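Visitor: I have a structure open and some questions about it. Can we go through them one by one?
Guide: Go ahead.

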Amino acid sequence: MDSKFDSPQDVTSSVGVMPAGQNRWKQVYGQVVNVFYISVWKKAWPLWIGAVALAFANILMFVYARAIGVFPQMAMWGSYIYNLFGIKVDAPFIAYPLTPLHLDMHSLLNFGIIFGVAIAALISQEFKIRTEDWRGYTAALAGGILMGFGTVIMPPCNVGGFYSATMALSLSGPLSVLGLLPGAYVGGLFLKHQAKKSADTVDFGAAPAGKPAEEAKTSFQPLIGAAIGMLLVAIALIYVSQGMSKFAGLLLFGALFGVIFQRSRLCFASAFREIFVSRNGEVMKWILLSIAIGTIGFTILKSQGYQQTAVVLPVGLHTVIGGFIFGIGMSIAGGCGVGILWRSAEGYVRAWIALIAGILTAGSWVLVYGKHVGEGWLYGKPVFLPNVFGWFGAVSLVFLFLAVFYALITWVEVGKNEKN
Amino acid sequence: MRKIKASKIGNNHYQVDMRGWVCPYPKYAVESLVKKLGDGYRMDLLVDCPSATDDVPKVARAMGCEVPEVTQIGNGEWRVVIEK
């Protein structure tokens, strides 16, 4: 099942006009490969497909168990590691207590994302161990630490605290933008400054003679990806056989999210970062559409009394400050909570370092602060918008927020065109 | 400061190796690189982050360049050809 590094193309076009019947199977093969391999695994999905798929996957997973969000369980991993080394510290999020990772349902979601991304990256021949020098690793360390603090102060992460929280009608969701947006901008400026400084040293006139990069002929990655896919199914079946089908379900939902993120490249860190750094809000605009779809789904469910307090988070000045810290961190680490899980599975060493730094920082929060997330002087109370404005008012408010944010992005983009 | 490796691989033809630079570095660097490139010159930019295969051509085209080719040359590696 090795495959060539051909550019994405229409396989059927190479089949051409053939005698009826004789080459029917070849044409069928060509069309099946075109639809199920080239379109899905070789071409990047359009952003809108990723955004819509993400919204429906999130609604479905909420119906099944919970909404997407990855950092609280990763913070628990950090606390768990401290305890393994004899340092007694409780996990920072009360709803995510210290649990062996394979027995923690929420962690299975994260493992699923890692599996899904790895499968997608391998089948599409995009996996590579990507090393950098010490500067990149230092940035990853700093980014991870900032995200670790940001997630417990905000709380929690970009995807859970902004994306899911907004559609769950939590006031904290829209408010988190006031921190995440400027934070991502500051982090993005740092990256742009580094890139520009390095690019400025390039002198084409003095460039030494070299050889064009060699092209690899074949790759066995699709085979490895398929094998990991089978391993994923086997692990899910083991959980089912132990009467833990919810664990298996979240593992598979995680894998679905992983495939969506990897193939559509719907990156939340770049969505926030690029609005002001490149004056390009394309990714965020699709994310806003995704939130709009999700808001309808979550409202239908919550208005029937289903998990009304789910993803309704404490809100206050800490939402903005935590978001700002998290925003800087996710920019320089190269991904938000989901982003570093995703890049870890694609082979980015920078993401591995950011992940370890992030979980160990967040996992130490109860030692640092003395209380859990949501307790004590730092945190405000959770505000569920329908409790204040009624269901119609709450949904109207969320859609007003989405419209204002969309208009702001468009205003920034139009400003760039005027400048040019 | 980290160096970006550039080499001359033909007449009016350079190769810039940004493999090992995570996104969004290639996207941010390409603006400066294109400005340095002479008119009529061609630059093969080697990248190993998937998003760059979309981001880099957009920036280059916005600067008036042609991007005739984006080719996968290995596992997780691409060549983006930019003509000014």
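Visitor: At what angle do α1 and α2 of chain B pack?
Guide: In this predicted model, helix α1 (residues 25-36) of chain B and helix α2 (residues 52-62) of chain B pack at about 20 degrees, and their axes are 9 Å apart. Axes are lines fitted to C-alpha atoms, for helices over the stretch in contact, with angles from 0 to 180 degrees between N-to-C directions. Helices (H or I, at least four residues) and strands (E, at least two) are DSSP runs, numbered from the N terminus.

Visitor: Roughly parallel or roughly antiparallel?
Guide: Roughly parallel, therefore, for α1(B) and α2(B). Angles under 35 degrees count as roughly parallel, over 145 as roughly antiparallel, 65 to 115 as roughly perpendicular and the rest as oblique.

Visitor: Which residues of α1(B) and α2(B) meet?
Guide: From α1(B), Pro26(B), Lys27(B), Val30(B) and Glu31(B); from α2(B), Ala52(B), Asp55(B), Val56(B) and Val59(B). Contact means heavy atoms within 4.5 Å. The residues in this contact are 5 nonpolar, no polar and 3 charged. Ala, Val, Leu, Ile, Met, Phe, Trp, Tyr, Cys and Pro count as nonpolar, Asp, Glu, Lys and Arg as charged, and the others, Gly among them, as polar.

Visitor: What about α5 and α14 in chain A, how do they cross?
Guide: Helix α5 (residues 105-123) of chain A and helix α14 (residues 337-346) of chain A cross at roughly 45 degrees, their axes coming within 8 Å. That makes α5(A) oblique to α14(A). On the α5(A) side the contact is made by Asn110(A), Ile113(A), Ile114(A), Val117(A), Ala118(A) and Ala121(A), and on the α14(A) side by Leu341(A), Trp342(A), Ala345(A) and Glu346(A). By class, the contact of α5(A) with α14(A) has 8 nonpolar, 1 polar and 1 charged.

Visitor: Switching to the backbone. Where is Pro156(A), and is its bond from Pro155(A) cis or trans?
Guide: The peptide bond from Pro155(A) to Pro156(A) is cis, with omega near -10 degrees. Pro156(A) is in the loop between α6 (134-153) and α7 (158-167) of chain A.

Visitor: And the bond from Cys23(B) to Pro24(B), cis or trans?
Guide: That peptide bond is cis, with omega near 10 degrees. Pro24(B) is in the loop between β2 (13-17) and α1 of chain B.

Visitor: What is phi at Val311(A)?
Guide: Near 55 degrees, a positive value in a residue other than glycine. Val311(A) belongs to the loop between α12 (282-303) and α13 (317-333) of chain A. Val311(A) is partly exposed, at a relative accessible area of 21%. Buried means under 20% relative accessible area, exposed over 50%, partly exposed in between (1.4 Å probe, protein chains only).

Visitor: What about Asn12(B)?
Guide: Asn12(B) has a positive phi of about 55 degrees and is not a glycine. Asn12(B) sits in the loop between β1 (5-10) and β2 of chain B, and is partly exposed at 36% relative accessibility.

Visitor: Last one: how many residues are in the largest nonpolar core?
Guide: It has 142 residues, and those with the most contacts inside it are Phe162(A), Tyr163(A) and Phe405(A). Helix α10 (residues 245-264) of chain A gives the largest share, 10 residues. A nonpolar core is a set of buried Ala, Val, Leu, Ile, Met, Phe, Trp, Tyr and Cys residues joined through side-chain atoms within 4.5 Å.

Conventions
Residues numbered from 1 in each chain as written. Chains lettered and ligands numbered in written order. Predicted model: local features only at pLDDT ≥ 70, side-chain atom pairs only at ≥ 80, totals over all residues. Heavy atoms only, no water.
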